[in-house]
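Subject: Structure handover

Hi,

Here is the structure you asked about. My notes on it follow below.

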Amino acid sequence: EVQLQASGGGLVQTGGSLRLSCAASGLTFDYYPIAWFRQAPGKEREGVSCFARNTDSTWYADSVKGRFAISGDNARNTVYLQMNSLKPEDSGVYYCAAVRSSGCRLRARSYDYWGRGTQVTVSS
């Protein structure tokens, strides 16, 4: 049983911050990179960030570099996405995803396990 649960979304003004959480169960954290994707209406699902514990590597989309930070809490099997300086274009449904891999995968179709999305809305 592999389950992911995303939470922490909400409504925030431009320039504000949110912290998303992805609680994982049924998987070994060190063997499953965790990625965040987002999807806005009418747009493709895009990768936002990824964390691979086994290589201590992270990846960020160019659009969020310097503003978002991904981190993990091994004791709680939870990955966080700290989002600062939010912009309206950051709005969308955010999903966390996992796949058994030696490193981060960047395409949504590579992931086998998905959490239910959490809505992020940034008002202008």
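R116 is exposed, with a relative accessibility of 74%. Bear in mind throughout that this is a predicted model. R116 sits in the loop between β10 and β11 (118–123). Leaving aside residues up to four places away in sequence, R116 touches L4, A6, Y94 and Y95. G103 is another matter: R116 and G103 are 13 residues apart in sequence, but their C-alpha atoms are 23 Å apart in space.

**Aromatic pairs**

The model holds five aromatic pairs, counting rings whose centres lie within 6.5 Å. One of them is F37 with Y111. Their ring centres are 5.3 Å apart and the planes meet at 75°, so this pair is edge-to-face; the cut-off for that label is over 60 degrees. F37 belongs to strand β4 (residues 34–39), while Y111 is in the loop between β9 (92–98) and β10 (113–114), so the pair ties together parts that are 74 residues apart in sequence.

Are these two residues buried or exposed? F37 is buried, at 2% relative accessible area. Y111 also counts as buried, at 5% relative accessibility. The limit for buried is under 20%.

The pair is part of a cluster. Ring pairs link F37, Y95, Y111 and W114. Y95 has come up already, as one of the residues that R116 touches.

**Arginines over rings**

Two arginine–tyrosine arrangements are worth a look on your screen. R45 lies over the face of Y95, at 4.0 Å from the ring centre. R19 lies over the face of Y80, at 4.3 Å from the ring centre.

**The four-stranded sheet**

In what order do the strands of the open sheet run? Four strands form it, in the order β1-β3-β8-β7, with antiparallel pairing. From one strand to the next, the twist averages 15°.

Now to β3 and β8. Strand β3 (residues 18–25) and strand β8 (residues 78–83) run antiparallel and are joined by six bridges. L18 has M83 of β8 as its bridge partner. In general, strands of a sheet pair through backbone hydrogen bonds.

Best wishes

Technical notes
Residues are numbered from 1 along each chain as its sequence is written. This is a predicted model: local features need pLDDT of at least 70, side-chain atom pairs count only at pLDDT 80 or more; totals for chains, interfaces and linings use all residues. Side-chain values use heavy atoms; hydrogens and water are left out. Rings of Phe, Tyr and Trp (its six-membered ring) pair if their centres lie within 6.5 Å; planes under 30 degrees apart count as stacked, over 60 as edge-to-face and the rest as tilted. Helices (H or I, at least four residues) and strands (E, at least two) are DSSP runs, numbered from the N terminus. Buried means under 20% relative accessible area, exposed over 50%, partly exposed in between (1.4 Å probe, protein chains only). A charge sits over a ring if NZ of Lys or CZ of Arg is within 6 Å of the ring centre and within 35 degrees of the ring normal. Two strands pair if DSSP finds at least two bridges between them. Axes are lines fitted to C-alpha atoms, for helices over the stretch in contact, and angles run from 0 to 180 degrees between N-to-C directions. Contact means heavy atoms within 4.5 Å.
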